[in-house]
Amino acid sequence: MFNIGCHLSISNGFEAVGRQALEIGANTFQFFTRNPRGGSARKIEQSDVDALIKIMNDNNFSQIVAHAPYTMNLCSSKQETREFAYNTLTDDLKRMEYIPGNLYNFHPGSHTGKGVEKGINQIINALNNAMTETMHTTVLLETMAGKGTEIGSRFEELREIISGVKLKDKIGVCLDTCHVFDAGYDIVNDLEGVLSEFDRIIGIDKLKAVHLNDSMNYLGCHKDRHQKIGQGAIGNDAFKRIINNSYLKTLLFLLETPNELDGYAKEIRYLKNIYEI
Ligand code: FE
Ligand code: FE
Ligand code: ZN
């Protein structure tokens with residue numbers, strides 16, 4: 001089955017977002033757990049969540065992805081930023097239990113000058129304190145473009161984080177096509193090579209989801225500017241290979257392209273057309 005969806009807003013609740021996903025031909029979606037800039041999350045109504053779960057079951061949805069706010073930096077040099085991030089993470093993981101069995105994706109963080117090693121240790125400690133044996137969520141580290149002091153633009157860094165996390169069966173990776181391309185992994189000319197490197201360093205079984213975004217910039221630019229599918233440096237041919245790749249084709253694909261709802265619907269239709277069953 002082709003698991004395809006996009007980033008949607010949950011500002012009208014969970015049932016509304018489930019219907020919206022259906023309308024645009026999606027069978028999965030991603031949402032921010034709270035305002036992407038941070039702040040507190042809205043109260044979850046059990047009946048609203050139940051309505052979403054019913055929509056998902058009735059329509060063969062795959063797993064869905066919650067995305068942590070961008071401001072959640074577990075390895076900031078500022079202690080209050082780290083504490084805020086840790087509190088956000090624990091609260092989000094608690095809230096995820098309303099929709100058990102799904103995925104929680106976050107940006108590993110920016111070390112803001114004190115170095116990758118120290119940053120990685122702080123990320124590992126936060127994860128080990130926040131993740132629990134009884135939770136039903138898989139936490140995903142997103143591959144990053146490497147702008148500023150971002151951690152996670154090299155597969156080696158993600159491996160190091162994963163190797164420090166105690167609950168190994170609850171941690172995975174989400175590969176963002178724009179980010180890995182901007183980080184210097186040539187998924188346009190050597191997708192197989194990039195994936196075998198991923199497998200060698202992290203293990204392909206750790207890969208759970210793919211963010212499908214074209215890139216406004218060139219290979220290795222470390223920029224992170226998303227473009228519509230086919231309108232950037234990655235291009236339609238590469239996306240056709242990506243969604244049909246034997247390692248990737250059964251994973252979740254989520255668009256985070258600069259689009260409104262109708263634009264997402266169009267991209268989903270297009271991708272369904274070039275997906276080989
Ligand atoms: Fe992201
Ligand atoms: Fe992404
Ligand atoms: Zn991005």
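Student: Leaving aside its neighbours within four places in sequence, which residues is E267 in contact with?

Tutor: In this predicted model, E267 is in contact with K228, I229, L255, T257 and N259, once the neighbours within four places in sequence are set aside.

Student: And where is E267 placed?

Tutor: E267 belongs to helix α9, which covers residues 261–274.

Student: Changing topic, what coordinates the iron ion (ligand 1)?

Tutor: The iron ion (ligand 1) is coordinated by H67 and H107, each through NE2, and by E142 through OE, at 2.1 to 2.2 Å. Along the chain, the donors of this ion follow the spacing H-x39-H-x34-E.

Student: Where do H67 and H107 sit in the chain?

Tutor: H67 is in strand β3 (residues 65–67), while H107 is in the loop between β4 (103–106) and β5 (109–110), so the pair, 40 residues apart, links distant parts of the chain.

Student: Are H67 and H107 buried or exposed?

Tutor: H67 is buried, and H107 is buried as well.

Student: How far apart are the iron ion (ligand 1) and the iron ion (ligand 2), and which residue coordinates both?

Tutor: The two iron ions, ligand 1 and ligand 2, are 3.3 Å apart, and E142 coordinates both of them.

Student: What about the zinc ion (ligand 3), which protein donors does it have?

Tutor: Its protein donors are H179 (NE2), D224 (OD) and H226 (NE2), which lie 2.0 to 2.3 Å from the zinc ion (ligand 3). Their spacing along the chain is H-x44-D-x1-H, and the distance between this zinc ion and the iron ion (ligand 1) is 5.2 Å.

Student: Why does D224 count as buried?

Tutor: D224 counts as buried because its relative accessibility is 16%, and buried means under 20%.

Student: Now the strands: in what order do the eight close into a barrel?

Tutor: The order is β1-β2-β3-β4-β6-β8-β9-β12, and the pairing is parallel. Ignoring direction, neighbouring strands of this sheet are turned by 30 degrees against each other on average.

Student: How many bridges join β4 to β6?

Tutor: Four bridges join β4 to β6 (residues 138–142), and the two strands run parallel. In one of these pairings, L103 has T138 in β6 as its bridge partner.

Student: Which strands does helix α5 touch?

Tutor: Helix α5 (residues 155–164) packs on the sheet and touches β6 and β8 (171–176), with its direction making about 155 degrees with that of β6.

Technical notes: Residues numbered from 1 in each chain as written. Chains lettered and ligands numbered in written order. Predicted model: local features only at pLDDT ≥ 70, side-chain atom pairs only at ≥ 80, totals over all residues. Heavy atoms only, no water. Donors = N, O, S within 2.8 Å, 3.2 Å for Na, K, Ca; no water. Buried < 20%, exposed > 50% of the residue type's maximum accessible area, 1.4 Å probe, protein only. Contact = heavy atoms within 4.5 Å. Pairing = 2+ DSSP bridges. Axes fitted to C-alpha atoms, helices over the stretch in contact; angles between N-to-C directions.
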